[in-house]
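This briefing walks through a protein model for a reader who is new to structures. Please keep the sequence and the picture in view while reading the points below.

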Amino acid sequence: MAELSVNLLGLRLVFSSVGLMGNTILIASIIKINFFHIKSFEIFLFGLAAANLWEIVIINIYDIIILQTSSTATGTWSCYLLEFMTVIGEINSIFFTVLICIFRYQKLRDVNTRVNFPLFLDNIRSAWMVSGISVMLSVLLGVPMFVIDQESKAENVTRNSSVCPPDFFHCTQNHCPVFNSIYKYLFIVSCHLLPLIIVTVTSCLILAVLLSQRKTVTPAVNETGSSQFSRKSKDTKIQWSTIAVLGAMGLFQVDWTIYLIFQLAFNPYEFLFWSEVQFFITISYTSISPYMYMIGHNMIPLHSCKKG
């Protein structure tokens, strides 16, 4: 058992290091492009990478420094704050993923008419506004963490292993206050299930558009050779970026589907490796997806990797 814990800790450090590096490179690449003339897609990528970094750092502090130690010296309010900050990072990562998926579908759909009819999210102010709303929503959805902690405080004190419980909602198999239970399922539906459905449906629509465009691509009669080449090059770039987005969305769907199964089917107070399983499910998307987005957005050109 001790050897397994050491191996899991080593794997945790590897995933965390990969995620920290990938999201940092993604943020640096976006800033390098020209932050004052940034596009909507880069805004959403920036928000996603920042949320991923936040989540990776906070969840490691919460899991390793608190859950993995038997010390009860950590203050109760410190525990509340860490749970709240962890939830903010998780929700923002999910919300920005939804925005990226919806935005990519809207850009891909009706390619010939989007110039005459600009998209709402194409506007930079609109993109910043939606991003700000997502951050505010994550804060509002995380605030009840303090209330449910207050309500279940008496039960938490009886725990000998740690001040902070493995379950953010503080619902054991035998006891779950009404408010905690309502908040738990509202949180799961609004922050996990609904985004998962939106991403799944939108990904299917993106795939359908890609397949239909592939079948109907024919050069216009009045287009010159250079204009045909320029359009083909642009379309290829958009399609490659969209394929990378689809890959990230597929990873998102797998991770959060497994997360929902574990959240609803297992009891965190009885499952021995609950914190480890929860960590690897959430960290896999936040660590791997930045590389998918960077390759698809030509921030990591594949031809330069082959030359190296």
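Q253 counts as buried because its relative accessible area is 18%, and the cut-off for that label is under 20%.

**The surroundings of Q253**
- Q253 belongs to helix α8, which covers residues 225-265.
- When the neighbours within four places in sequence are set aside, the residues in contact with Q253 are L196, V199, T200 and S203.
- With S203 there is also a polar contact, made between the side chain of Q253 and the side chain of S203 at 3.4 Å.

- Is L140 buried or exposed? L140 is exposed, because its relative accessible area of 60% is over the 50% that the label requires.

**The salt bridge**
- The model has a count of 1 salt bridge, and D122 forms a salt bridge with K107, in which the closest N and O atoms are 3.3 Å apart.
- This pair links distant parts of the chain, since D122 sits in the loop between α3 (76-108) and α4 whereas K107 sits in helix α3, and the two are 15 residues apart.
- D122 counts as partly exposed because its relative accessibility is 28%, and K107 likewise counts as partly exposed because its relative accessibility is 21%; both labels follow from values that fall between 20% and 50%.

**Confidence of the prediction**
- Across the protein chain the average pLDDT is 77, and 70% of the residues score at least 70.
- Which elements have the lowest and the highest mean pLDDT? The lowest mean, 45, belongs to helix α6 (residues 153-157), while the highest, 92, belongs to helix α4 (residues 124-142).
- Residues 70-74 have a pLDDT below 50, and beyond near neighbours in sequence this stretch has 5 contacts in the model.
- Residues 153-162 also form a stretch where the pLDDT stays under 50, and for these residues the model has 16 contacts beyond four places in sequence.

Notes:
Residues are numbered from 1 along each chain as its sequence is written. This is a predicted model: local features need pLDDT of at least 70, side-chain atom pairs count only at pLDDT 80 or more; totals for chains, interfaces and linings use all residues. Side-chain values use heavy atoms; hydrogens and water are left out. Helices (H or I, at least four residues) and strands (E, at least two) are DSSP runs, numbered from the N terminus. Buried means under 20% relative accessible area, exposed over 50%, partly exposed in between (1.4 Å probe, protein chains only). A polar contact is a pair of N or O atoms within 3.5 Å; within protein, one must be able to donate a hydrogen and the other to accept it, and residues adjacent in sequence count only if both atoms are side-chain atoms. Contact means heavy atoms within 4.5 Å. pLDDT is the predictor's confidence in each residue, from 0 to 100. A salt bridge is a side-chain nitrogen of Lys or Arg within 4 Å of a carboxyl oxygen of Asp or Glu.
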